[in-house]
Amino acid sequence: MELRHLHYFLAVAEELNFSRAAERLHIAQPPLSQQIRDLEAELGVTLFERTKRQVKLTNAGHIFLEEVQQVLQQVDKAVDSVRQAGRGELGRLIIGFNSSATYSVLPDVLYHFRQSHPNVELVLHELTTSQQIEKLYNSQIDVGLLYLPLENDELSTLSVLKEPLVLAMPETHPLSTQSQVSMQSLRNELFILPPYQLGEALYRQIMNLFEQLGFVPQKVQQAVQLQTVISLVAGSVGVAIVPASLQNLQRMGVVYKYLQEYRYEVEIAAAWRQGDTSPILHKFLASVQVVASAHSLSIPSSK
């Protein structure tokens, strides 16, 4: 039995007339009649009662009609789903992101993508930059939102956001009333630093800032997540240099200050495996580019 036999049966069952059914199917009537006889022989039942005046479904024919309608509806649904998947409108996308992205570009990217692709399942994993790179290599995530630069030749990148580094300090700090703070005034402060694994580029940028100033920070604590850094600042454990987007994390007891001397920037980008032609991935990257443009960035070409 082939799918065409079901279409032939359905046309005859709905028209209850072989001539009209043949016309509807754009075939001649004799071949259609033969196809129905072959189907009845294969099933071992009579599906139609035929007289010179009318064609009627038998009891077996009525039951078969109900089943055939369900089967063909499921086939149509499958065809539509496959076509949607081919257009990047249906399927699954696994996204890695760093903690900073949750306070900057991630909500905007997800919102924009959801508006145009509501049927795509998004699976989100908060990961460090090094974890994202490893999982991209192992095909465990499809795209990551992480810090640049990346020292590899196997991933393509698309810049989403460049933002300055700012100082997070307890609101009770003597310098908290200043609109901007000089890094030179912080030489004797205790600093809470993010770990190297959170984002190599972020860590290097922060340490380069200290190197430019000619002093080594007094490290009091390292925190795995930037949220933890801010919590420690709120507890007056120390001060911290963080991406400006962390200002969206309004934590009682913490104030943010721009630095007088330096406007160091960190850069968040989408990263994916070179040569990945997934339609869903590239629809997502289109949303990334829209968000990047909204942040008034000049988007660099992907590798």
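What percentage of the 303 residues in the chain is buried? In this predicted model, where local features need pLDDT of at least 70, side-chain atom pairs count only at pLDDT 80 or more, and totals for chains, interfaces and linings use all residues, the answer is 46%, with buried meaning under 20% relative accessible area (1.4 Å probe, protein chains only). Residues are numbered from 1 along each chain as its sequence is written, and side-chain values use heavy atoms, with hydrogens and water left out.

The overall dimensions come next. The C-alpha trace spans about 105 × 40 × 30 Å along its principal axes. The chain has a radius of gyration of 32 Å, whereas a compact globule of 303 residues would have one near 19 Å; the radius is taken over C-alpha atoms, and the globule rule is 2.2 Å times the number of residues to the power 0.38.

The chain holds 9 helices and 12 strands, taken as DSSP runs (helices H or I, at least four residues; strands E, at least two) and numbered from the N terminus. Strand β11 (residues 254-259) pairs with β6 (residues 155-170) in the antiparallel sense over 4 bridges, and Met 169 has Val 255 of β11 as its bridge partner. With β7 (residues 180-181), β11 pairs in the parallel sense over 2 bridges; here Val 181 is partnered by Leu 259. Pairing requires at least two DSSP bridges between two strands.

Among the contacts (heavy atoms within 4.5 Å) between residues at least 6 apart in sequence, 74% join residues at least 24 apart.

How values were computed:
Buried means under 20% relative accessible area, exposed over 50%, partly exposed in between (1.4 Å probe, protein chains only).
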